[in-house]
Each structure stands twice: as C-alpha cells, then as structure tokens.
Amino acid sequence: MAISIRTEGEAAGLASPSSRGATGASWDQPILLRLVSIALFAGIWEVAGRIPVSFAFPTFSDTMVAFFGLLADGSLANAYLSTLQPLVLGVVLSAFLGVGLGTICGLWRTGEWLLIPVFIVLQAAPVAAFIPMVTFVYGIGMTAKTLAVIILALPVIVLNTYKAVRNVNQSLLVMCRSFLGTPWQTVAKIILPDASPVIFAGLRLGVAAGFVGVVLAELLITPTGIGDLITFHRSRADYAEMYATIASIIALSTLTLVFLQWVEVRVFRPESRGA
Amino acid sequence: MRAAALRNGPSPVPTPIDSIVEVRGISKTYGNVEALRGIDLDFPRGKLTSLLGPSGCGKTTLLKIIAGLIRADGGTVAINGKTVSAPGPERAFVFQDFALMPWATVLRNVAFGLELRGTSRAEREEIARRYIAEVGLAGFEDKYPHELSGGMRQRVGLARALSVDADVLLLDEPFSAVDEQNRRKFQEDLIRLRTNQNKTFIFVTHSIEEAVYISDRIVLLSPRPGRVSQIIEPEIDRSGDPEHIHRDKHYLDTVEEIWQGLKQYVE
C-alpha cells in the first residue's frame, strides 16, 4: 500500500508525506514500476504511430531516432543554450522574489493588503494574453522572454508562500517565543521550515509555469531556441523531429520538478524521507 | 506524617517560605468573561506546586501569564524578586500539545532552546544528550517526533525544558495527551526528577489524583471568575516505592477532601 502511494505521489510531482511507510528494502520496486509505466507509455505511442492515428503523428521509435539525430548535429544543444538563459534567469528570480514577497505578505498585514490582490488577479488572468504586450514594450530580446517566464511563474509562488506562512503552526510560534527566539530566528527556524511543503508545491507549479512561459515566448515573440526548433520542423513536416523536441522539453521540465522535490526532502523536511 | 513532610523540606523548621515566583493581584478578562480576578500566590522554591481546578477556572491562563506568554490586565508577576512581563531564561515551558518541530530530530528538538541562545553545536548537543538520557529516551536521539508515542514526545518536551537550565519549569497539562499507562510511569519519573533536579515546578492539571500524587502544594482555583479557593499541602512520604503512594491513607483522604471541595462547581 505504502509503495503504491509513494509511486503515485512522486509521479504526479506531489509532496508525499504518506511515503514514510516505504522502507529502504523496497526501494528497487518503485523504480521497476516506474520503468514499466514509461515502457507502457512508449508501447502505446508506438502502436498509435503505426496505425497511424495521423500522418503527422510519428512512432515512438522514429521520434527517438530523430532525437538522437538532433543531439548528434548539435541543433538541440544550440536551441537549449538559447532557451535556458531566460528560463533559468526567470525561474530563479521568481523563486527568490516569490518566496520573499510571499513571506512578507504572510507576516505583515499592510504588505498583504497591498500585494496579494495584484497576484490573485494575475493568477486568475489568462497570462499568455500579456505576451504580445510584453513584446510591444520590451521588444523581442532576452528581457521579454525572461519577463514572460516571471509573469507566469511568480503569482503561484507568491500566493502559495503567503498562504503557507499565514497558516504556520501557532503552537510552534509560541514555543519559539517561550524559548526566547528572536523574530529572525522565528522566521528562519520555525516559519520557513513549517511552510516549506506548501512553498515547494508552489515552486513546482511555478517552475512548470515558467517552462510554459518560455515556450510561449519563443513561439509568439522570438523564433529562437526550442520554440524555433518546433516551428522550424513543423514547417518542414519533419514531425519526428518536432515531437522529439517537444518530448525533450517535457522530459527536462519533469526532471527539474523531481530534482526540486529531492531538494525539499533532503534539505527542509528530512522526516518525510521515509526512514 | 508531619515528620515525613518535613524530612523533604529545605529546613527542619517551618520558616517563612522562600518564594521564587510571586504573583500579585493578577487579573485577566477575555471579552466579557472574567478569567482571573485578583490572584495572589507565592510559589516556594524547589517545590512542585499544582494549579488544580475545573475547566474554565483560568489555570492555564495563569500559567501562561507567569510564563510571559499572555499579558495580564492587571497585577504583577515577579521571579526571584524581579517583575517580568515576557518570557525569560529563568523559566521554561512544557506544552500540552508538545510543540515539537516535526522536521527536527529528538536531539535537535531538545537542544532547540540552547540553539536559540547561540550555544555552540557541540556543547548544546552534549547537554541535550544528557537530558534525553535523564528522561529515559537514550537511543532515540535521531528519531523524528512522528516515530514516537505521545508519552515519548512529551518526554522530549520535558527534556527541552530541562536543558535550558531554568529555575522554574512550567508544565501545562503535560499528560493530558498521554495514555494512562504512560502517564503513571511519567508521573513516577517526574517525582524522581524533581528530587534530582532541585528545580521549582508549576504544574497545571485537572486531575485531582495526579495533583495529590505529585505535588508538594496544591492551589485550588474556582471558576468564573478564576480565584484561589484553597491551598492544600498534602503531606505524603514520596521517598519509598511510588506505587505505595496510591494506597497511602493520607493520599486517599486528600483526594476525597479536594473532590468534596470541587464538587459544587461541577454540574
């Protein structure tokens, strides 16, 4: 039971406090199940490609061949070199700014009233509609792409951090005060660790949104990087290459989220590691 | 019985008591509910005093005012003759809900008070290990709170309060979330700890048996508004087998006497 919960939770990229039941001995089993899950997906893809579902839908094997082709001729590496700059910059800025602003809003009433409504509106808005506006103001360079990432990633990070800080365990705050903790110690040693599961859930959503932002920007603003590679192969009807590019960015996004979860459990919540 | 009580006392003659905590005219109102009215109390040094009363008598409020966690509307609290209004290093609190950090090991939780004071890691962990052993948790240093039973979690809370070396330990119904068997064992340990540690304990409870079993002095509070209704000093010899106390005639009589006094407040 514990094993299946763990696999499900991690595949969905969710925090899995229930995973503590899994023991070290059963570690190889989730990995096996995950591989089976991926193999099953690849198998269905292959069959669907062979029927074929559409002439523009390549098989899994063709896509893999195309992927290694793109790796070999360096076009994938070049595309990522250009995509990763605004992506990493935007995500890192959003993470620090978002957690910082969210914490301030969670602790300070005036800040809450000033900032939170703005982020609630931003989160509710179909933000992709802002992207042409961003282009209009900031042109088609790195600034516009980074801004697209931040616009998509920042609101969810701020709002999650704010909610987590607001709902911090009151009894731990009283404990910290009774043992003479200073306000800074309270934030660093009680509030942030206590809020970290929800903050990290926000970071995962924010990072995923950042990937959306950078691809949108490259499709709509500047034909560079991964967006350009997708558009280029579509225009030449190289569907295997197009799918390979799309699959690569999905894989990268997934790996980033898994890494983020690993950091969370390692650094902030060691008790949820599962003995 | 008289002789037995005196043998545990600080001096052979009942001289004017040496109070470590002095509560003068404390009152507290929540909205239009008067929780405490004009509380005057002295807590003798090195003794275990229980605050006992039915729910709503303000005993936890009074304890938290002494701890500096709640501000009183009127009156003063003095520790070692010095008026206080905020938490201080001479007092340590044991929480009803344990208040342990779930992300920290037993060792870090116990050392947390010292961590906040800036004690070096090696020194605070050495002190914490000593108190972990003292409360009977040796071997559990690297466990997380969720891996412990309720009774063990409260031992962590007690070790954390002991490790900051405060003069006064304030315990807010520490056993209310602990099961009956563990509570008995814990009470016995507390009697032993109190003789070893030479600290002053102020203990909030709603259990008459518990109060009589462990206390040198019981302050009975009456509800609405919370006031001191009676102070009892059960003269029970605790030097022998702790199991013996439960069958002691004086113990049983005191429990009965307090129950008769409190009965009127229970519907």
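Tutor: Start with burial: a residue is buried if 20 or more other C-beta atoms lie within 10 Å of its own, exposed if 12 or fewer, and partly exposed in between, with C-beta atoms placed from the backbone. B:Asn80 has 14 other C-beta atoms within 10 Å and is therefore partly exposed. Its phi is near 50°, a positive value in a residue other than glycine. B:Asn80 sits in the loop between strand 4 and strand 5 of chain B; helices (H or I, at least four residues) and strands (E, at least two) are DSSP runs, numbered from the N terminus.

Student: Is B:Phe98 buried or exposed?

Tutor: B:Phe98 is buried, because 23 other C-beta atoms lie within 10 Å. Phi of B:Phe98 is also positive, near 70°. The residue belongs to the loop between strand 6 (91-94) and helix 3 (106-116) of chain B.

Student: What should I know about the numbering and the model?

Tutor: This is a predicted model, in which local features need pLDDT of at least 70 and side-chain atom pairs count only at pLDDT 80 or more, while totals for chains, interfaces and linings use all residues. Residues are numbered from 1 along each chain as its sequence is written, and chains are lettered from A and ligands numbered from 1 in the order in which they are written.

Student: In which order do the four strands of the open sheet in chain B run?

Tutor: Strands of a sheet pair through backbone hydrogen bonds, either parallel or antiparallel. Here the order is 2-1-4-5, with antiparallel pairing; two strands pair if DSSP finds at least two bridges between them. Strand 2 (33-44) and strand 5 (82-84) of chain B are the edge strands, each pairing on one side only. Strand 1 (residues 19-30) and strand 4 (residues 74-79) of chain B are joined over five bridges. B:Ser27 has B:Gly74 in strand 4 as its bridge partner.

Student: How many residues does each chain give to the contact between chain A and chain B?

Tutor: Chain A gives 15 residues and chain B gives 18, where two residues are in contact if their C-beta atoms, placed from the backbone, lie within 7 Å. On the side of chain A, helix 8 (170-178) and helix 9 (183-220) each give two or more residues. Helix 8 of chain A gives the most, six residues.

Student: Which peptide bonds are cis?

Tutor: One joins A:Ile51 to A:Pro52, with omega near -15°. Another joins B:Arg224 and B:Pro225, with omega about -10°.
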